[in-house]
Amino acid sequence: MPTIYVTRRIPDLGLTMLREKGFALEVSEKDGVLTKDELLSALRSKPYDGVLCLLTDTINSETFDAAPTAKIFANYAVGFNNIDVAEAKRRGVTITNTPGALTNTVAEHAMALILATTLRIAEGDRLMRSGVWGGWGPMQLLGSDLMGKTLGILGAGRIGSRLAYHCQKGFDMNVIYYDVRRNEAFEKETSARFCPTVEEVLKNADIVSIHVPLLDSTKHFINADRLNMMKPTAYLINTSRGPVVDEIALVEALKKGVIAGAGLDVYENEPKTAPGLLECENAVLTPHIASATEKTRGEMAKLAAENLIAFFDGKTPPNVVP
């Protein structure tokens, strides 16, 4: 009977699957992110066979030392930048993730951020709630139409491709994109034009949406220099990872009108935000909820459970991180 430590409660679907298979589960009772010491202490408390962890857990050599009997860490996330994968491989520890489950949901959230920023929805909501709205005015909260505008995708993977589909098919937008490799299927589906450099996308797009993984090479992928390349009428959308954007530089760009606005679901130092960001009226901010639907979070739990079940059945888990 494998014993699994779960670092935070996830939807019951995944936990029920594991229990029905005979797994013994220890689920953290803390309704929040475990501190480093709390995580290490929990892992040392008994000889666990595996760990179901979250993106907010740092999994590195110290973690592996604290759980020497755990041979699999099943990450409840599509990303795995929280895990030292190289160290896991060195120790013979399997790492899995939950890709695919959140593609549509995150793409829809990115679309919502695009609409909210360009049509100034959040500003209008704040005005209504303030109690000072004086009635309709012809120059009040003028936004930007989407039809005929150009969407720039940085990272044409599952989510970026799906967002482009929504924008091109639903809003008659043009699509340009940059990726480390050309995606001809994506081009055919969305009539997208490949750009060989990030800079070409930034200079020509009316809306730039980021969908790159967090790697050493993508930290501050969008910095002050690149923000200055964008049109002053352009908007930046980020539903990937917070550190891919230099948040301090973004705040300056928003305050000075370097770009028209931004829609963010992720932040460089979560849960904190860069000084001044919360005061930027031209920023729409959501609290890392792009995948937060019951269906998607449940599917993520199911995938994490399936990875663990396959591993302990002696099979290759369906979503092994290479």
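**Surface and overall size.** I began with the accessible surface of the chain, which comes to about 15700 Å². Carbon and sulfur atoms account for 52% of that surface. A reminder to myself: this is a predicted model, and every value below is computed from it.

I then looked at the dimensions. Along the principal axes, the C-alpha atoms fill a box of roughly 70 × 50 × 35 Å.

**Fold.** I counted secondary structure next and found 12 helices and 12 strands. For contacts between residues at least 6 apart in sequence, I found that 61% join residues at least 24 apart.

**The sheet.** Which order do the strands of the 7-stranded open sheet follow? I read it as β8-β7-β6-β9-β10-β11-β12, with parallel pairing. The edges are β8 (193-194) and β12 (283-285); each has a single partner strand, so one side of each is left without a neighbour in the sheet.

I zoomed in on the β8 end. Strand β7 (residues 174-178) runs parallel to β8, and 2 bridges join them. Here I found I176 standing opposite R193 in β8.

**T105.** Buried or exposed, I asked of T105? T105 has 13% relative accessibility, and the cut-off for buried is under 20%, so T105 counts as buried. T105 lies in helix α5, which covers residues 103-118. I listed what T105 touches, leaving out residues up to four places away in sequence: A290, S291, A292, T293 and T296.

**M128 and its patch.** I moved on to helix α6, where M128 lies. M128 has a relative accessible area of 48%, so I logged M128 as partly exposed. M128 also belongs to a nonpolar surface patch with W133 and W136. I noted about 430 Å² for that patch.

**M139.** Where does M139 sit? I found M139 in the loop between α6 (121-130) and β6 (150-154). M139 has 66% relative accessibility and the cut-off for exposed is over 50%, so M139 counts as exposed. I finished with a C-alpha distance: M139 and A274 are separated by 31 Å, and along the chain they are 135 residues apart.

Methods: Residues are numbered from 1 along each chain as its sequence is written. This is a predicted model: local features need pLDDT of at least 70, side-chain atom pairs count only at pLDDT 80 or more; totals for chains, interfaces and linings use all residues. Side-chain values use heavy atoms; hydrogens and water are left out. Helices (H or I, at least four residues) and strands (E, at least two) are DSSP runs, numbered from the N terminus. Buried means under 20% relative accessible area, exposed over 50%, partly exposed in between (1.4 Å probe, protein chains only). Patches are made of residues with over 30% relative accessible area and no salt bridge: like charges are joined within 9 Å, nonpolar side chains (Val, Leu, Ile, Met, Phe, Trp, Tyr) within 5 Å. Accessible areas come from the Shrake-Rupley method with a 1.4 Å probe; for residues, only the protein chains shown count as cover. A salt bridge is a side-chain nitrogen of Lys or Arg within 4 Å of a carboxyl oxygen of Asp or Glu. Contact means heavy atoms within 4.5 Å. Two strands pair if DSSP finds at least two bridges between them.
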